[in-house]
Amino acid sequence: YKWEVVILLWIAFLLNQADRQAFNIVLPQIQTLFGANDSTMGLIAMLFNVFYAVTVPFAGFYADRLSRSRQIIVSTLIFSAATFFTGFANGLLLFIIFRCAGMGVGQGMFGPTYTGLIAQYHDSTTRARALSLHQTSSYIGVICCGVLAGYIADKLGWQYSFYIFGGLGLVLTLVLMARLRDKADVQTSQEQTAIAVQKPSFKDSVAAFFKVPTAICLLIAYTGGIFVITGYLTWMPKLMKETFDLSMSSAGFHSMFWANIAAFLGVMLGGTVNDRLVARGKGANRLIVQTAGLVLAVPCIVLMGLSHNLFVVCAALAGFGLFRGVFESGTYPVLYDVISSRFYSMSSAVMILFGFSIGALAPWILGIISDSFGLSLGVALLGAVWVVVSLALILARVKFYKKDYANLKNEND
């Protein structure tokens with residue numbers, strides 16, 4: 001059943017990402033309809049991330065205390081319904097209500113919860129592979145949306161992308177209600193009483209994260225990762241459409257397919273390498289693997305923004321995706337090596353809160369740069385962000401990880 005959980009969450013996260021990416025693919029049509037400039041559309045994209053980020057700490061706190069599976073079911077219902085009704089929005093206000101508030105809150109409930117549920121069922125021997133396999137749903141979801149949303153928008157109108165993806169999510173909600181459940185821990189009544197008494201407060205749950213230096217270093221790298229990925233997802237389809245005079249479906253395909261199919265390979269490769277490092281007692285070296293992923297992606301990001309050759313841009317997108325996947329494969333497995341299982345969902349919530357609060361600025365900042373200097377320069381400058389945050393991972397590997405890992409092991413003993 002532990003792998004069925006991964007599959008169910010894989011499908012839910014696929015639709016989660018597809019619903020989110022639908023906006024980015026059909027952005028030019030929506031922008032024309034509302035008569036908005038790039039900075040305004042970037043602000044709308046930012047508002048979604050703000051609602052998302054504000055929701056996650058509360059979602060993480062209650063997921064650790066109540067039921068992770070039920071929270072995922074409610075989350076899927078909310079973000080699917082919001083996606084469906086986004087298709088009916090005929091003005092900026094309704095669009096913000098459904099797209100930013102509804103989807104932001106619904107997906108914010110999902111984000112910090114699924115990693116904790118997977119970690120419940122998978123110990124350190126399979127955790128990296130399970131989380132890496134689950135992460136592939138993000139890439140496949142974006143690819144599917146990149147092709148389908150652009151095609152649907154070209155043939156039927158942008159509204160139908162939201163109708164279809166939202167409707168599929170509502171059907172999935174029924175499946176999750178029938179099949180998804182929390183792992184039943186085998187405990188004595190005395191142990192259950194002790195756990196009930198020791199349930200941490202919201203403040204203690206947050207403090208537990210910031211007492212671990214390795215977790216803070218991972219937070220810095222994760223935040224930089226989200227900033228770059230959010231900027232790429234929002235603006236790369238439009239950049240390719242304008243640079244190469246592509247249709248929306250073609251721009252959506254090229255901007256999403258090459259990066260995300262390579263990311264699929266990268267995250268699976270990274271997950272396998274990470275589990276082998278753990279088996280050999282070299283878990284700390286996963287931080288080196290992550291650092292390499294960030295640094296090697298930088299030249300690809302620069303080419304994505306500045307090249308005017310379609311083949312070069314597609315190759316750069318593939319390189320970016322491959323190394324992004326390698327980086328992402330290690331984040332939560334390393335985090336759960338140094339954080340108590342009592343705080344899995346809350347620690348994920350802290351990561352997402354900071355990652356998406358700061359990452360939310362990327363579409364807006366790139367929109368401002370686009371209005372003044374051109375979108376290609378804004379995309380290229382994203383590479384500098386990954387150079388800077390990679391230093392945090394090096395610091396964690398050299399100074400903090402082994403000590404934090406030993407402290408948690410002693411605490412569990």
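**View A. F209 in helix α9.** F209 sits in helix α9, which spans residues 202-210; helices here are DSSP runs (H or I) of at least four residues, numbered from the N terminus. This is a predicted model, in which local features need pLDDT of at least 70, side-chain atom pairs count only at pLDDT 80 or more, and totals for chains, interfaces and linings use all residues. Residues are numbered from 1 along each chain as its sequence is written, and side-chain values use heavy atoms, leaving out hydrogens and water. F209 has 1% relative accessibility and so counts as buried (under 20% relative accessible area; exposed is over 50%, partly exposed in between, with a 1.4 Å probe and protein chains only). Leaving aside residues up to four places away in sequence, F209 touches A215, I216, L219, L335, I339, S347, V350 and M351 (contact means heavy atoms within 4.5 Å). From F209 to V350 the C-alpha distance is 7.8 Å, although 141 residues separate them in sequence.

**View B. The salt bridge of D337 and R286.** The closest N and O atoms of this pair are 1.9 Å apart; a salt bridge needs a side-chain nitrogen of Lys or Arg within 4 Å of a carboxyl oxygen of Asp or Glu. D337 belongs to helix α14 (residues 331-338) and R286 to helix α12 (residues 286-306), so the bridge ties together parts 51 residues apart in sequence. R286 is buried at 2% relative accessible area, and D337 counts as buried at 12%.

**View C. The salt bridge of E242 and K238.** Here the side chains meet at 3.6 Å, N to O. Both residues lie in helix α10 (residues 213-244), four residues apart, or about one helical turn. E242 is exposed at 52%, whereas K238 counts as buried at 10%.

How values were computed. Helices (H or I, at least four residues) and strands (E, at least two) are DSSP runs, numbered from the N terminus.
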